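Colleague: I would like to learn how to read this model, starting with its confidence and then moving to its contacts.

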Amino acid sequence: MSSSSTAQRAPFLSSLVPFLAVLGSVTALGLGTSWAKHTLFPAVGAQGTTALRVGFSALLLLALWRPWRWRLAPRDVKAVLLYGVTLGLMNLSFYMSLRSIPFGVAVAIEFAGPLAVAIFGSRRALDFVWVALAIVGLALLLPVGVGDTHLDVVGVLWALSAATFWALYIIFGKRLGHLHAGHSVALGLTVAAVVVFPFGVAHAGPALFTPSVLLVAVGVAAVSSAIPISLEMVALKRLPKEAFGIMISMEPAVAALLALLLLDERLSAAQWLAIGLIMAASIGCAATSRRAPPSTETLAA
């Protein structure tokens, strides 16, 4: 192979890195969540799974980033607490929804949160197109007499709760945009672990500390938190925020495909259409958003 062809391949391969990083992130997140639902739910329930996943994720990121190296200003303490509380409740709500509705559907509903934050306050006509797409998609998913989804109402309400907390998590996270990402995420997950751990102990009791359960939980935390966060940081260094938003919008489809393959969760044609519409709304919103100063990025549950 000539040196010129090698030089031509280099930019192309470099351009693939952020795409592969985002794809790896959403795939790892989906694999970790599917693994948790299949293995941990029967042993410790959704509450115990949340406590272990968030708890071990916090420990892994504390070891990785050592946030005590950075000074935290007094004015940032409240923001970190709000950020962490909403992160914990978002994870708890999402895992509670997985007890009774499919993984891909739960992710699609949860995407309403960041989509609402992105569109809220906008008066551009084009943004109302994305709103309309999202509304139609949600109408096809929600058990309100439209479509033929047969979704559990309680599960849907938990997913909508997760969407609400994801929106709040983004809002509070932006207040920490001046901090190093590793600093804010490690501290936020620590607060989140403190919030959700009592729910896990109350529900699962001693089963939460079974060696086999703890071993699986460490793996779930690594696959669904440490790996996605690291890959997202790789992507964010090489991509504009809008491009990152477009790529991360593939998460509901990836989640639905992984759930089909690993959990045998089959969706109806209407549910696949709904997921596609919500993804289209998210992609459209990200592609046409006005550029803003960099801020703290988010990780889905």
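Predicted model: local features only at pLDDT ≥ 70, side-chain atom pairs only at ≥ 80, totals over all residues.

Colleague: What is the mean pLDDT of the protein chain?

Modeller: pLDDT is the predictor's confidence in each residue, from 0 to 100; its mean for the protein chain is 87, and 88% of the residues reach 70 or more.

Colleague: How many salt bridges does the count come to?

Modeller: A salt bridge is a side-chain nitrogen of Lys or Arg within 4 Å of a carboxyl oxygen of Asp or Glu, and by this rule the count comes to three. In one of them, lysine 37 pairs with glutamate 265, the closest N and O atoms being 2.5 Å apart. This pair links distant parts of the chain, 228 residues apart.

Colleague: Is lysine 37 buried or exposed?

Modeller: Buried means under 20% relative accessible area, exposed over 50%, and partly exposed in between, with a 1.4 Å probe and protein chains only; lysine 37 is buried, and so is glutamate 265.

Colleague: Which residues of helix 3 meet helix 11?

Modeller: Helices are DSSP runs of H or I with at least four residues, numbered from the N terminus, and contact means heavy atoms within 4.5 Å. Gly104, Val105 and Ala108 in helix 3 meet Gln271, Ile275 and Ile278 in helix 11. Helix 3 is mostly covered, since eight of its eight residues are buried.

Terms used:
Residues numbered from 1 in each chain as written. Heavy atoms only, no water. Helix = DSSP H or I, 4+ residues; strand = E, 2+ residues; numbered from the N terminus.
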